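Subject: The structure we talked about

Hi there,

Here is the structure I promised to pass on. Have a look around it first, and then read on for what turned up.

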Amino acid sequence: MILPVLLYKNKKLRKINKNIIKPINLNKIIKNMFDTMYYYKGIGLSAPQIGKNINLFIISINNKKMIFINSKIISYSKNTIISNEGCLSIPNIYVNIKRKKLIKVEYYDNKWKKHNKILNNNMSIIFQHEYDHIKGKLIIDYLKN
Ligand SMILES: [Zn+2]
């Protein structure tokens with residue numbers, strides 16, 4: 001089911017999103033999020049963008065579906081990389097953002113298996129974008145710096 005994506009003025013996008021306490025069944029929400037993300041041709045979508053204030057986001061690159069629950073960034077590299085980013089909640093706006101090149105992350109997948117990973121380049125950038133959503137931050141906030 002394709003859901004409406006909340007736009008940047010919506011207050012739900014500014015909330016801190018709580019960790020999910022298992023064993024909530026997230027299958028339906030996750031399926032709807034993928035349907036919605038693919039419909040709008042996104043590569044990532046966070047739960048607050050569909051009005052759910054929980055620590056959950058999805059990413060899809062190279063046709064691979066990835067699900068991130070209760071994500072946390074453990075550490076960052078000093079090296080940075082500039083990325084030009086858009087957001088489904090802010091149509092037609094692109095912002096250059098200085099992101100960390102490498103990040104060390106922790107998260108659970110939809111089977112509640114815990115992962116510890118080092119992400120780089122594109123994966124690192126998209127993860128940081130979606131993780132910003134979990135913290136109530138949007139790409140337009142970087143324009144203030
Ligand atoms: Zn976004």
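How many salt bridges does a search of the whole structure find? The search finds five. Please keep in mind as you read that this is a predicted model.

**Salt bridges**

Side chains of opposite charge can pair when their charged atoms come close. One of the salt bridges joins aspartate 141 to arginine 14, with the closest N and O atoms 2.8 Å apart. Aspartate 141 sits in the segment after H2 and arginine 14 in the segment before H1, so this pair ties together parts that are 127 residues apart in sequence. Aspartate 141 is buried, at a relative accessible area of 14%, while arginine 14 is partly exposed at 36%.

Now find arginine 99. Its side chain meets that of glutamate 85 in a salt bridge, 2.8 Å from N to O. This pair links distant parts of the chain, since glutamate 85 is in strand E4 and arginine 99 is in strand E5 (residues 90–100), 14 residues apart. Arginine 99 also forms a salt bridge with aspartate 132, at 2.9 Å from N to O. Here the link runs from strand E5 to helix H2, where aspartate 132 lies, and the two residues are 33 apart. Taken together, Glu85, Arg99 and Asp132 are linked in a network of salt bridges.

Cysteine 87 is buried at 9% relative accessibility, and histidine 129 is buried at 8%.

The largest nonpolar core has 16 residues, and Leu26, Met33, Leu56, Ile58, Ile67 and Ile69 touch the most other members. Helix H1 (27–39), strand E2 (56–61) and strand E3 (64–76) are the elements that each give two or more residues to this core. The largest share, five residues, comes from H1. There is also a second, separate core of 15 residues, which includes Met66, Phe68, Ile126 and Phe127.

Leaving aside neighbours within four places in sequence, its contacts include Ile20, Ile30, Met33, Pro48, Ile67, Ile69 and Ile134.

H1 itself has 13 residues, which should span 18 Å at 1.5 Å a residue; the C-alpha atoms at its ends are 18 Å apart, which agrees. The buried residues in H1 are Ile29, Ile30, Asn32, Met33, Phe34, Thr36 and Met37. Among the elements that cover them are E1, E2 and E3. Isoleucine 30, for example, is buried at 6% relative accessibility. Not counting residues up to four places away in sequence, isoleucine 30 touches Leu56, Ile67 and Asn110.

**Two backbone angles to look at**

Most residues other than glycine have a negative phi. Lysine 41 is not a glycine, yet its phi is positive, about 60°. Lysine 41 is in the loop between H1 and strand E1 (44–46), and it is exposed, with a relative accessible area of 74%. Asparagine 70 also has a positive phi, about 50°. Asparagine 70, however, is in strand E3 and counts as buried at 11% relative accessibility.

**Asparagine 17**

One last stop is asparagine 17, in the segment before H1. Asparagine 17 is buried, with 6% relative accessibility. Which backbone oxygens does its side chain reach? It reaches the one of lysine 15 at 3.1 Å and the one of isoleucine 134 at 2.8 Å. Beyond four places away in sequence, the residues that asparagine 17 touches include Pro48, Asn53, Asn55, His133 and Lys135.

Enjoy exploring, and write back with any questions!

Best wishes

Definitions and conventions. Residues numbered from 1 in each chain as written. Predicted model: local features only at pLDDT ≥ 70, side-chain atom pairs only at ≥ 80, totals over all residues. Heavy atoms only, no water. Core = buried A, V, L, I, M, F, W, Y, C linked by side-chain atoms within 4.5 Å. Buried < 20%, exposed > 50% of the residue type's maximum accessible area, 1.4 Å probe, protein only. Helix = DSSP H or I, 4+ residues; strand = E, 2+ residues; numbered from the N terminus. Contact = heavy atoms within 4.5 Å. Expected span 1.5 Å × (residues − 1). Polar contact = N/O pair within 3.5 Å; in protein donor to acceptor, adjacent residues only side chain to side chain. Salt bridge = Lys/Arg side-chain N within 4 Å of Asp/Glu carboxyl O.
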